[in-house]
Amino acid sequence: MTAVLIGMALGLLTGGGLGWMLGHKQFRHTYWRLDPEGLALRRGRMWLRETRVPITRVQHLDLKRGPLQRRRSLATLVVHTAGTRNSSVVVPNIDADDAEFLRDRLGRQIDLDNDD
């Protein structure tokens with residue numbers, strides 16, 4: 001019985017450590033750029049993924065903060081785009097201030113485009 005508990009504890013510690021390491025690496029290798037045309041997102045180091053969201057395709061924006069993200073001043077920005085039902089671009093675990101800046105700035109650009 002004791003060996004099972006020790007094995008479970010070691011498994012939890014190993015899994016938690018691996019999860020922290022992967023999350024930290026993802027955070028360190030996520031870059032974004034906002035320009036008048038829209039949002040550019042670059043993620044990864046070994047497997048590089050680049051996404052470009054034109055401002056004309058942005059429908060609305062969500063900002064999510066889980067308990068662990070709030071503790072570390074991080075947030076996840078979800079940019080919902082025009083298209084199919086599941087069209088969205090997720091910018092995970094970025095600085096909370098940066099996420100609010102992006103949300104507000106993209107929101108203003110959407111409003112300006114709608115006024116034209």
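The largest nonpolar core has 18 residues, and L39, V58, V79 and L106 touch the most other members. A nonpolar core here is a set of buried Ala, Val, Leu, Ile, Met, Phe, Trp, Tyr and Cys residues joined through side-chain atoms within 4.5 Å. Buried means under 20% relative accessible area, exposed means over 50%, and partly exposed lies in between (1.4 Å probe, protein chains only).

This is a predicted model, in which local features need pLDDT of at least 70 and side-chain atom pairs count only at pLDDT 80 or more, while totals for chains, interfaces and linings use all residues. Residues are numbered from 1 along each chain as its sequence is written, and side-chain values use heavy atoms, with hydrogens and water left out.

Helices (H or I, at least four residues) and strands (E, at least two) are DSSP runs, numbered from the N terminus. L106 is in contact with L34, L39, I55, L61 and V79, leaving aside neighbours within four places in sequence. Contact means heavy atoms within 4.5 Å.

Angles run from 0 to 180 degrees between N-to-C directions, and axes are lines fitted to C-alpha atoms, for helices over the stretch in contact. Two strands pair if DSSP finds at least two bridges between them.

Within this sheet, β1 and β2 pair in the antiparallel sense over six bridges. These two strands form a hairpin with two residues between them. D35 has G38 in β2 as its bridge partner.

Another open sheet of three strands has the order β4-β5-β6 and antiparallel pairing. Because β4 and β6 stand at the edges, each with a single partner strand, one side of each is left without a neighbour in the sheet. Neighbouring strands of this sheet are turned by 20° against each other on average, direction ignored. The antiparallel strands β4 and β5 are joined by six bridges. L61 stands opposite V79 in β5, and both residues are in contact with L106.

**Salt bridges**

Side chains of opposite charge can pair when their charged atoms come close. The structure holds five salt bridges. A salt bridge is a side-chain nitrogen of Lys or Arg within 4 Å of a carboxyl oxygen of Asp or Glu.

| Pair | N to O distance |
|---|---|
| R33 and D35 | 3.5 Å |
| E50 and R42 | 3.9 Å |
| R103 and D104 | 3.2 Å |

How exposed are the partners? R33 is partly exposed, at 49% relative accessible area, whereas D35 counts as buried at 16%. E50 is exposed at 59%, and R42 is partly exposed at 42%. R103 is partly exposed at 30%, and D104 is likewise partly exposed at 36%. A network of salt bridges links R33, D35 and R52.
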